[in-house]
Amino acid sequence: MTINVNLKIFLFAILFYITKQIELYAILMIFALIHEMGHLICGLLIGFKPKALKIMPLGISIEFSVICKDYNKKVKNANALTIKKMILALAGPITNMIIIGICVIMNNYIEMHLCEQIIYANLLIAIFNLLPIYPLDGGRFLKSLIHIIKGKTKAMDYINTISNASIIFLTMLASIGIYYFKNIAILFIIIYLWVLIIVENKKYQMKKRIYKIIENS
């Protein structure tokens, strides 16, 4: 398994340090790793092989090699691989929710401030990853679900529209949040999400052109 480090992580660390939130950033990255371990364990259990680990500014991502025979098992308009991808997408956020549950149960044995930080960090990671924006976990789950119901092409179209609408709505909310809470970290997160959206939009347009060429050939 290869390991790739996005150098922007150091820029984010500096920005969070300047805004005096470096402790929160460190905690978020630690539990982002645990979040990804949830994906890793789930992936191994359903037969995927880890291919690459990417360390990014706002989290960690694991890429898997899939089993080709899953392509041949039909599930409505998709296949068994799509079901596995849905399960895999939920594994990370579920891991964070389990950690929150353990922390709540064990709160009498954990220092209050530490317990609050653990709950806050894992809640942020779970909510962030469940946003209906591809390629976040929520976007991946939703795309796979639409794939099963409507087919691959419709899923690609719908998730692109949903992702773009979601980032516009989140940007409006973030503007209000930055104004009232004076928290520049919100701006960093929104910029990061916009970068994801722009990259995915380019991939989407390229795929649409390829599909059009295939249809016309």
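**Helix packing**

Guide: Helix α2 (residues 22-45) packs against helix α4 (residues 112-129) at an angle of about 60 degrees, and their axes are 9 Å apart. That angle makes α2 oblique to α4. The model is a predicted one, in which local features need pLDDT of at least 70 and side-chain atom pairs count only at pLDDT 80 or more, while totals for chains, interfaces and linings use all residues. Residues are numbered from 1 along each chain as its sequence is written, and side-chain values use heavy atoms, with hydrogens and water left out.

Visitor: How are the terms "helix", "axis" and "oblique" to be read?

Guide: Helices are DSSP runs of H or I with at least four residues, numbered from the N terminus. Axes are lines fitted to C-alpha atoms over the stretch in contact, and angles run from 0 to 180 degrees between N-to-C directions. Angles under 35 degrees count as roughly parallel, over 145 as roughly antiparallel, 65 to 115 as roughly perpendicular, and the rest as oblique.

Visitor: Which residues of α2 and α4 make the contact?

Guide: Contact means heavy atoms within 4.5 Å. From α2 come E23, L24, I27, L28, F31, A32 and H35, and from α4 come H113, Q117, I118, Y120, A121, N122, L124, I125 and N129. By class, the residues of this contact comprise ten nonpolar, five polar and one charged; Ala, Val, Leu, Ile, Met, Phe, Trp, Tyr, Cys and Pro count as nonpolar, Asp, Glu, Lys and Arg as charged, and the others, Gly among them, as polar.

Visitor: Is the peptide bond from Y134 to P135 cis or trans?

Guide: Most peptide bonds are trans. The bond from Y134 to P135 is cis, with omega near 20 degrees. P135 belongs to the loop between α4 and α5 (137-150).

Visitor: How many salt bridges does a search of the whole structure find?

Guide: Side chains of opposite charge can pair when their charged atoms come close. A salt bridge is a side-chain nitrogen of Lys or Arg within 4 Å of a carboxyl oxygen of Asp or Glu. The search of the whole structure finds three. One of them joins K54 and E63, at 2.7 Å from N to O. Another joins D157 and K208, whose closest N and O atoms are 3.2 Å apart. D157 lies in helix α6 (residues 152-181) and K208 in helix α7 (residues 184-216), so this pair ties together parts that are 51 residues apart in sequence. E200 and K203 also form a salt bridge, at 3.6 Å from N to O; they are three residues apart in helix α7 and therefore separated by about one helical turn.

Visitor: What does I159 touch, not counting residues up to four places away in sequence?

Guide: I159 is in helix α6 and is buried, with a relative accessible area of 4%. I159 touches Y134, G139, L142 and K143 on that basis. The C-alpha atoms of I159 and Y204 are separated by 10.0 Å, and these residues are 45 apart along the chain.

Definitions and conventions. Helix = DSSP H or I, 4+ residues; strand = E, 2+ residues; numbered from the N terminus. Buried < 20%, exposed > 50% of the residue type's maximum accessible area, 1.4 Å probe, protein only.
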